[in-house]
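I opened a new page in my notebook for this model.

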Amino acid sequence: MQTFLPFPEFELTATVLDDRRLGKQRVEVLQILRALTRERYGWQSHPAVLMWAGYEEALGAYGLAVCRAWSRRGRPDTCDPKIRTELAALGIAEPRSQDELARDGGLPPLAGGPGCAPQPPGRPAPQGPGVVRRPLPRRARRRRLRVARPQPGAADRP
């Protein structure tokens with residue numbers, strides 16, 4: 001379970017993800033949101049869940065951006081209404097825009113919130129049958145990218 005944010009902007013991220021990742025992100029968001037909001041749902045100690053703890057509205061906004069991009073590609077979507085149902089249970093009729101969330105401190109560091117230094121975006125490796133991954137050149141292996149990984153307890157933010 002994971003969320004892919006090669007860019008801090010939700011809409012931009014949704015447009016650059018390949019079909020396989022984009023489709024999976026819809027389900028991942030729903031699973032993470034349920035793990036954060038349902039007492040007996042699994043995955044509650046998973047790092048991806050902990051990274052979004054306290055930022056449920058932002059997670060929902062990301063998920064809906066992914067669903068919109070999925071639909072624009074001509075794919076049927078069933079996750080949008082399910083994400084909206086989970087948000088409604090939290091009292092969120094419509095999530096704020098990403099700009100509004102950023103202004104109000106409602107974004108986690110992994111989505112450009114406080115504590116995340118701008119990083120050059122990485123490109124997700126291609127997936128699918130027939131895709132062969134070559135090892136990185138020696139000099140690229142030495143380069144280390146810093147990644148924002150929020151710590152558990154992010155919900156305790158000021």
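**Entry 1: Thr 3**

I started with the contacts of Thr 3. Not counting residues up to four places away in sequence, Thr 3 touches Gln 25, Ile 32, Trp 52, Tyr 62 and Leu 110. Contact here means heavy atoms within 4.5 Å.

I noted the ground rules next. This is a predicted model, in which local features need pLDDT of at least 70 and side-chain atom pairs count only at pLDDT 80 or more, while totals for chains, interfaces and linings use all residues. Residues are numbered from 1 along each chain as its sequence is written, and side-chain values use heavy atoms, with hydrogens and water left out.

Where is Thr 3 found? I located Thr 3 in the segment before helix H1 (10–16). Helices (H or I, at least four residues) and strands (E, at least two) are DSSP runs, numbered from the N terminus.

Is Thr 3 buried or exposed? Thr 3 is buried, because its relative accessible area is 14%. Buried means under 20% relative accessible area, exposed means over 50%, and partly exposed lies in between (1.4 Å probe, protein chains only).

I then looked at the side chain. The side chains of Thr 3 and Trp 52 make a polar contact at 3.1 Å. A polar contact is a pair of N or O atoms within 3.5 Å; within protein, one must be able to donate a hydrogen and the other to accept it, and residues adjacent in sequence count only if both atoms are side-chain atoms. I also checked Val 29: it is 26 residues from Thr 3 in sequence, and 7.4 Å from Thr 3 in space, C-alpha to C-alpha.

**Entry 2: the whole chain**

I stepped back to the protein chain. I found seven helices and zero strands. From the N terminus on, the elements run α-α-α-α-α-α-α. The chain has 158 residues, and 36% of them count as buried. I also looked up contacts between residues at least 6 apart in sequence: 68% of them join residues at least 24 apart.

Two packed helices are described by the angle between their axes and the distance between the axes. Axes are lines fitted to C-alpha atoms, for helices over the stretch in contact, and angles run from 0 to 180 degrees between N-to-C directions.

I took helix H4 (residues 56–72) and helix H5 (residues 79–89). They pack at an angle of about 165°, with their axes 9 Å apart. H4 and H5 are therefore roughly antiparallel to each other. Angles under 35 degrees count as roughly parallel, over 145 as roughly antiparallel, 65 to 115 as roughly perpendicular and the rest as oblique.

Which residues make the contact? From H4 I listed Glu 56, Glu 57, Gly 60, Gly 63, Leu 64 and Cys 67, and from H5 Cys 79, Asp 80, Ile 83, Arg 84 and Leu 87.

**Entry 3: H2 against H5**

H5 also packs with H2. The axes of H2 and H5 come within 10 Å and cross at roughly 20°. H2 and H5 are therefore roughly parallel to each other. In H2, Arg 26, Val 27, Val 29, Leu 30, Leu 33, Arg 34 and Thr 37 meet Cys 79, Lys 82, Ile 83, Glu 86 and Leu 87 in H5.

**Entry 4: two glutamates**

I picked Glu 86, found in helix H5. Glu 86 counts as buried because its relative accessibility is 5%. Its side chain makes a polar contact with the side chain of Thr 37 (3.4 Å). Leaving aside neighbours within four places in sequence, Glu 86 is in contact with Leu 30, Leu 33, Arg 34, Thr 37 and Arg 38.

Then I turned to Glu 56 in helix H4. Glu 56 is buried, with a relative accessible area of 17%. Its side chain reaches the backbone nitrogen of Gly 54 at 3.4 Å.

Trp 43 lies in the loop between helix H2 (19–37) and helix H3 (47–52). Most residues other than glycine have a negative phi. Trp 43 has a positive phi of about 70° although it is not a glycine. At 47% relative accessibility, Trp 43 counts as partly exposed.

At 54% relative accessibility, Arg 72 counts as exposed. Leaving aside neighbours within four places in sequence, Arg 72 is in contact with Glu 11 and Thr 15.
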